[in-house]
Amino acid sequence: MENCCCGESKLSGILARYQGQDGALIKALQDAQGLYGYLPEEVLARIADYFDHPYSQVYGVATFYAQFRLKPRGENLIRVCTGTVCHIMGGPQVLAKISEELNISLGETTEDNKFTLGSAVCFGACSQAPVIMVNDDIYGRVTPERIAAILARYCTGV
Amino acid sequence: MTMSINIAINGQKLTVPEGTTILEAAKQIGIEIPTLCHLKDTNEIGVCRVCVVEVKGARNLVPSCITKVTEGMEITTNSPKARKAREMVMNLILATHPKDCLTCDRNGDCELRTLADKMGIRKIDFGAPVKDLPLDDSNPSIIRDSSKCILCRRCVSVCNEVQKVSAIGLINRGIGTTVGTAFDRGLADSPCVFCGQCVSVCPTGALTERFNLREVWQALNDPDKHVVIQTAPAIRVSLGEELGEEPGTIVTGKMVGALRKVGFDKVFDTDFTADLTIMEEGHEFLQRLTEKGKLPLITSCSPGWVKYVETFYPEFLDNVSSCKSPQQMFGAIIKTYYAEKYKIDPAKIYTVSAMPCTAKKFEANRPEMNSSGYRDVDAVLTTRELGLLIKEAGVDWASVEDSQFDQPFGEGTGAGIIFGSSGGVMEAALRTLSEVVTGKELKNLDFKGVRGLEGIKEAEVTLNGQTLRVAVANGLANAKKVLDGLKNKELDYHFVEIMACPGGCIGGGGQPRPSTPDTKQKRMEATYRADKGLPRRKSHENPAVQEIYKEFLKKPLGEKSHHLLHTSYTPRNK
């Protein structure tokens, strides 16, 4: 825990909130992720220990729910829709292009920590398929050719 | 009072007690419903859906392994709808399952393959890509091949519930679900104790022991090597199952005969060092008792248990006997006393041990197990591997004649044999302690209170007016209960025997599959039959034990013993 000295007392505070409560694991994981931006390994181990849950099970919970991240997220989160309509309308090609452009696979973060590439199932904008979201910005009718320009918007100020 | 429930299965009426599952009820009238994930009392979660049946009035097909019968239930096990659903389930499982059955470790006893055959599946309807996940071969005991995993979760249930180790669990979700450790590391970097209970229940080749047969063959083929094998007490009552005998058949003589044919220079009996363990551990106990040392003394024969206490209860390490396990004592004695006595260069001795256990492979590889100046034990084979070795050697089991173990370590007592069953070490120790303490001959040798498959057994024994409270636990969930009780001071014992596996070594992770409560019961009964049939049933009466103290060790807990037969433990991370 040496690496997160400032978070340590806060984590203790979070854990103390749930002391003796059954079924508080997910709440604690959510709060811890709120604190660190993701769930570092030593934090998971600490939580497992605190609740006296097997480490393997806590890891199981953290990997079961899409909301939890085990790696730090980049400054910008790209989410590519993998829903049915987007799939048919060329979503996979868009995803492949982003992946190629950033040199990362789904779920990964670029080395400079600028982008994290994720997926989502339907933003409810099927008429605009294929759709991607970057942070809170939604882009419809995306083609692989448009990717470079979209990404460039988030690279300013580098 | 239990209610009786009237039901009909495939038109046949029957009455069963309340609480009976459809699967059990069908079995009673000779109807076998296929199952895959189901493991009685351990994994009853109905997750694979292979056992679905049709129930009149029910909206969907129901899993028969977890659905309890209700009054008037009309069940059809073989309706077209049920059969179609089952076939679909099997097809989906088989579609992504590797097809290297010919060379798979489970070739011959794969439950998935047997079931596919029984269900008449001759074609797989889907062209899905076969699972291709990394192999975990991080440790000396267990190999995990997740590609062959069908997610039945038996291993997870056993690890979580029966053993309370929880080294593995389900990770990720949906189609990406796998069984793995935290952060999907190798078992070597997990709290796994290598007991192999998961290996014992795995229906496919996803979990197997690390095979050491190749190394053993290499040694056997090397003319410069003097290759000796020791066979554990619990395998003489189980090896037969690998070779077509009924569970509970005692095959000691045949096993020795077969191993001689395989080509071992000497075939020795681990019972000898089981007796030696009793001498050392018995005296260690007396020393602690008289000198007010740390009590209870807890046994140390089971390497899965030893790793468990090192990992989860390091505060109890001072309670654990410093005695090495019989396997390791044997290795150390072979490469010192035996080498000197028979003028054999210990560098040329290769010691193999045949064990009912996967954790023994880990134990033999522990870095400190080299007090003889060499690896005490060079290779460990499970009972399953030993069966395979005999088959590979082309030995026709049916025609093998009985043979005797070789001297000087061919002499074991009944006390040594019962080490194989839960309670056996305690009973063996009590037989010897009684005579050592009272100086009088023990008339009734049977300490029945510590016998049986029950998870925790307690007994009181009075020696020279002092009442000793002893306990025996098998299965690590039971060990945990005892340790927690000791910790909270709710329990108080002088002497505790703990075995990692349910039933003790007869239920070890290296034993023939399936290792059901029924087969375990038969193996257990066989160990006590073997004990009853021996002229010597107390460890201190073993002439070979007496001789080794006279010629070499001098006295229990002496300097040589301390160096060769005792060890120390290491706290480990969870």
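One definition before anything else: I call a residue buried if 20 or more other C-beta atoms lie within 10 Å of its own, with C-beta atoms placed from the backbone. Also keep in mind that this is a predicted model.

With that cut-off, take helix α10 of chain B, residues 303-312. The buried residues there are B:P303, B:G304, B:W305, B:V306, B:K307, B:Y308 and B:V309. That is 7 of the 10 residues of the helix, so α10(B) is largely enclosed by the rest of the structure. What covers the buried residues of α10(B)? The cover includes three elements of chain B: α12 (359-364), α16 (476-487) and β18 (495-499).

The strand in that list is the next item. In β18(B), 5 of the 5 residues are buried, so this strand too is largely enclosed by the rest of the structure. As background, side chains in a regular strand alternate between the two faces of the sheet. For β18(B), both faces are covered. One side carries B:F495, B:E497 and B:M499, the other B:V496 and B:I498, and all of these are buried.

Now the sheet around it. It is an open sheet of 4 strands in chain B, with mixed pairing, and the order is β13-β18-β17-β16. Which strands stand at the edges? They are β13 (297-298) and β16 (456-463) of chain B; each has a single partner strand, so one side of each is left without a neighbour in the sheet. Helix α15 of chain B, residues 424-438, packs on this sheet and touches β16, β17 and β18 of chain B. The direction of α15(B) makes about 10 degrees with that of β16(B).

On the pairing of β18(B): with β17(B), residues 466-474, the sense is parallel and there are 5 bridges. Within that pairing, B:A471 stands opposite B:V496, and B:V470 stands opposite B:F495. With β13(B) the strands also run parallel, joined by 2 bridges. There, B:L297 is the residue opposite B:F495.

In soluble globular proteins, nonpolar side chains tend to be buried together. Here the largest nonpolar core has 159 residues, and the members that touch the most others are B:C155 and B:A500. Helix α11 of chain B, residues 326-341, gives the most to this core, with 8 residues. Leaving out residues up to four places away in sequence, B:C155 touches B:I168, B:V179, B:C198, B:V201, B:C202 and B:L207. Another core lies apart from the largest one; it has 17 residues, among them A:L11, A:Y55, A:Y59 and A:A62.

Domains, staying with chain B. The assignment divides chain B into domain 1 (4-92), domain 2 (131-209) and domain 3 (214-565). The centres of domain 1 and domain 2 of chain B, over C-alpha atoms, are separated by 28 Å. In the contact between those two, 8 residues of domain 1 meet 9 residues of domain 2. The domain 1 side of that contact has 6 nonpolar, 2 polar and no charged residues.

That leaves chain A. Chain A has 158 residues, and buried residues make up 28% of them. The secondary structure comes to 7 helices and 4 strands, and from the N terminus the elements run α-α-α-α-β-α-α-β-β-β-α. Along the principal axes, the C-alpha atoms fill a box of roughly 55 × 35 × 25 Å. Of the contacts in chain A with a separation of 6 or more, 58% are between residues 24 or more positions apart.

Chain A is assigned domain 1 (2-64) and domain 2 (76-152), and 31 Å separate their centres.

One residue of chain A to look at is A:L39, in the loop between α2 (25-36) and α3 (41-51). Is A:L39 buried or exposed? With 23 other C-beta atoms within 10 Å, A:L39 is buried. Its contacts beyond four places in sequence are A:L29, A:A32, A:Q33, A:L44, A:A62, A:F68, A:R69 and A:L70. A:I88, by comparison, is 49 residues from A:L39 in sequence and 34 Å away, C-alpha to C-alpha.

Last, the contact between the chains. Chain A puts in 9 residues and chain B 12 residues. On the chain B side, these are 6 nonpolar, 4 polar and 2 charged.

Conventions. Residues are numbered from 1 along each chain as its sequence is written. Chains are lettered from A and ligands numbered from 1 in the order in which they are written. This is a predicted model: local features need pLDDT of at least 70, side-chain atom pairs count only at pLDDT 80 or more; totals for chains, interfaces and linings use all residues. Domain bounds come from an automatic or database domain assignment. Two residues are in contact if their C-beta atoms, placed from the backbone, lie within 7 Å. Ala, Val, Leu, Ile, Met, Phe, Trp, Tyr, Cys and Pro count as nonpolar, Asp, Glu, Lys and Arg as charged, and the others, Gly among them, as polar. A residue is buried if 20 or more other C-beta atoms lie within 10 Å of its own, exposed if 12 or fewer, and partly exposed in between; C-beta atoms are placed from the backbone. Two strands pair if DSSP finds at least two bridges between them. Axes are lines fitted to C-alpha atoms, for helices over the stretch in contact, and angles run from 0 to 180 degrees between N-to-C directions. A nonpolar core is a set of buried Ala, Val, Leu, Ile, Met, Phe, Trp, Tyr and Cys residues joined through C-beta atoms within 7 Å.
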